[in-house]
Amino acid sequence: MKARKTSTTNKIHTATLLVVAAGSSTRMGLDTKKEYLPLNNGTVLSECVLSFLKTNKITSIAIAIPKAHVSQATEALYKNPLVKTLTQNIPVLFVEGGATRQESVYKTLCAINESFKGEALSKVVLIHDGARPFVSEKLITACIEDAYNYGASCPALQPTDTQVQIDSDNNIIQHIPRPSLAAVQTPQAFDFNTILAYHKRAVNLTCTDDTEIWDTFNATKTHIILGESTNIKITYKNDLPEASKMIRIGLGYDLHRLVEGRKLLLGGIELPFEKGEDAHSDGDVLLHAITDAVLGAASLGDIGVLFPPSDSKWKDASSSYMLKTAWDLVKKDGWKLENLDCVIALEKPKFIPYREQVCSSIANILEVETSQVFVKAKTGEKLGKIGRSEAVEVWVTCLLSK
Ligand code: MG
């Protein structure tokens, strides 16, 4: 395949964009049409149209959509607000498609012919799959220029794998030389009036794409330019890149004195011991540190701000309730818990027998899986305030995502 031919003229060549998004997306195995799935700052459809708008060469847009999909398609198209900004002076039309791709394109070409007048209707129309959002501005511009030169142009890639013809029993009939083959992509660019006339003549034919329609009636066949391996058509769910995730780390710490006549509460579980945490609230040092960690990760304050000890309302308050209240706030901000990891510094009693119960109690408060929570304990080796059982200390890290 020859390298792309560059245009010799300085005149800015424009194009009308026709996006085909009228299919049912059954191969995706999803309820949502693939063009409406989230991508970057919008949807597959918005990012697809945006690639064209960024060239500054588009004078009008017509999108073929399924029956009764105007509101869904409108929402998907303008999901990225930049589309609204860049289409302020460009007419946008939604057209109800037909039973086949060919019928949808023909109906949309007819609608373009009826609706777009004057400068809005360009000499060249770009016909593009709504499920190819990764097309580059460079490729779009090259297609437009090529169509002005040749009347019809489309990008294609030559196969890198060995190509064979097979029979109905899956046996190879013959090997096909690769240099004679190319896999066709979109956008396909055509002289508008000519492709409209050819579509009209092709209503009783079944054609795979618009280049086949052009090549059926035009003496000179469609000119090919070099396509892009990144210009894939999203067909299966895993063709879409994983949406970028935001992650945040939180750190929580707390210390309470251990005194007689109080309960030793850790993660909502009472451990039998002669001492317990001295506190304004119920004193659950572990839940306090967790509360601070999740609030900190989301930048939503800390336990002292939310539940000030000066407020008598929080005297002997349940720390489970306090954590639940803080966690609801964090969840309302869109965050999910990835994991919590906690360290307790405690001389006595032995923590291990209670670990499972404590982890599941915390998971229960946060409504997450027990596997997302881990708690371990260290003694003070009989040294310092921990070693003398005068205090209990806790450190917590958490990872949140959205
Ligand atoms: Mg505390």
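In what order do the five strands of the open sheet run? The order is β16-β13-β19-β17-β18, and the pairing is mixed. Welcome to this structure, which is a predicted model.

**The five-stranded sheet**
- The edges of the sheet are formed by β16 (275-277) and β18 (373-378), each of which pairs on one side only.
- On average, neighbouring strands here are turned by 20° against each other, direction ignored.
- Within the sheet, β13 (residues 247-260) and β19 (residues 391-401) are antiparallel partners, joined over eleven bridges.

**Helices across the strands**
- Helix α8 (residues 285-297) lies across β13, β16, β17 (336-345), β18 and β19. Its direction is at about 155° to β13.
- Helix α11 (residues 355-366) lies across β17 and β18, and runs at about 140° to β18.

**A buried serine in a loop**
- Ser122 sits in the loop between α4 (101-115) and β6 (124-129).
- Ser122 counts as buried because its relative accessible area is 5%, and the cut-off for buried is under 20%.
- Apart from neighbours within four places in sequence, the contacts of Ser122 are Thr14, Ala15, Thr16, Thr59 and Phe192.

**Two cis peptide bonds**
- Thr186 and Pro187 are joined by a cis peptide bond, with omega at about 15°. You can find Pro187 in the loop between β10 (183-184) and β11 (188-191).
- Lys348 and Pro349 are also linked by a cis peptide bond, and here omega is about -5°. Pro349 belongs to the loop between β17 and α11.

**Two non-glycine residues with positive phi**
- Asn56 is a residue other than glycine, yet its phi is positive, near 60°. Its place is the loop between α1 (44-53) and β4 (58-65).
- Is Asn56 buried or exposed? Asn56 is exposed because its relative accessibility is 67%, and exposed means over 50%.
- Lys382, likewise not a glycine, has a positive phi near 60°. Look for Lys382 in the loop between β18 and α12 (384-387).
- With a relative accessible area of 67%, Lys382 is exposed.

Methods. Residues numbered from 1 in each chain as written. Predicted model: local features only at pLDDT ≥ 70, side-chain atom pairs only at ≥ 80, totals over all residues. Heavy atoms only, no water. Helix = DSSP H or I, 4+ residues; strand = E, 2+ residues; numbered from the N terminus. Buried < 20%, exposed > 50% of the residue type's maximum accessible area, 1.4 Å probe, protein only. Contact = heavy atoms within 4.5 Å. Pairing = 2+ DSSP bridges. Axes fitted to C-alpha atoms, helices over the stretch in contact; angles between N-to-C directions.
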